[in-house]
Amino acid sequence: MDENPFPDLFTHDVSIMDMAKQRVTCPDCGRKRMYFCYSCRMYVNNLQTVMPKVELPVQVHIIKHTKELDSKSTAVHAALLAPTHCHIYSYPDIPEYNSTSVSKRLFKFLLIDSNFRLSRIKN
């Protein structure tokens with residue numbers, strides 16, 4: 001197998017994650033976490049100073065099922081990487097989406113069920 005299967009993909013050095021040697025107490029909620037607090041959606045172990053932040057070309061709204069555990073959700077990763085463009089909501093606590101609020105914008109969404117059996121892009 002080729003040592004680098006993605007030669008055109010630029011990645012950063014991940015040795016920065018070695019800074020976190022053990023779980024530390026989250027300053028907001030007081031729970032022990034290693035790299036980030038999935039409850040507060042913030043980095044711990046001083047990783048916020050070295051982790052990248054990205055600007056997305058769109059606002060992303062992620063609506064989670066109430067039984068989906070924050071500790072298992074990859075939505076938190078999106079919120080950490082793009083905090084000004086990614087918003088996480090738990091159903092039924094979601095913003096109201098109506099035709100007047102999105103009438104002047106292109107509005108698309110991707111719907112995926114919990115088993116990834118049903119997925120569709122809706123206009």
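1. Basis. Residues are numbered from 1 along each chain as its sequence is written, and side-chain values use heavy atoms, with hydrogens and water left out. In this predicted model, local features need pLDDT of at least 70 and side-chain atom pairs count only at pLDDT 80 or more, while totals for chains, interfaces and linings use all residues.

2. Salt bridge. A search of the whole structure gives one salt bridge (a side-chain nitrogen of Lys or Arg within 4 Å of a carboxyl oxygen of Asp or Glu). The partners are K64 and D70, at 2.4 Å from N to O. K64 is buried, at 4% relative accessible area, whereas D70 is partly exposed at 26% (buried is under 20%, exposed over 50%, partly exposed in between, with a 1.4 Å probe and protein chains only).

3. Second largest pocket. Residues H12, D13, V14, I16, M17, V50, M51 and P52 line this pocket. By class, the lining has six nonpolar residues, one polar and one charged (Ala, Val, Leu, Ile, Met, Phe, Trp, Tyr, Cys and Pro are nonpolar; Asp, Glu, Lys and Arg are charged; the others, Gly among them, are polar).

4. N45. This residue sits in the loop between β4 (42-43) and β5 (60-64) (strands are DSSP runs of E, at least two residues, numbered from the N terminus). N45 counts as buried, with 18% relative accessibility. Beyond neighbours within four places in sequence, N45 is in contact with M19, A20, Q22, V24 and M34 (heavy atoms within 4.5 Å). For Q22, the backbone oxygen lies 3.2 Å from a polar atom of the N45 side chain.

Note on methods. 1 Å grid on protein atoms, 1.4 Å probe; cavity = no way out; pocket = protein on both sides within 12 Å on 5 of 7 lines; lining within 4 Å. Helix = DSSP H or I, 4+ residues; strand = E, 2+ residues; numbered from the N terminus. Polar contact = N/O pair within 3.5 Å; in protein donor to acceptor, adjacent residues only side chain to side chain.
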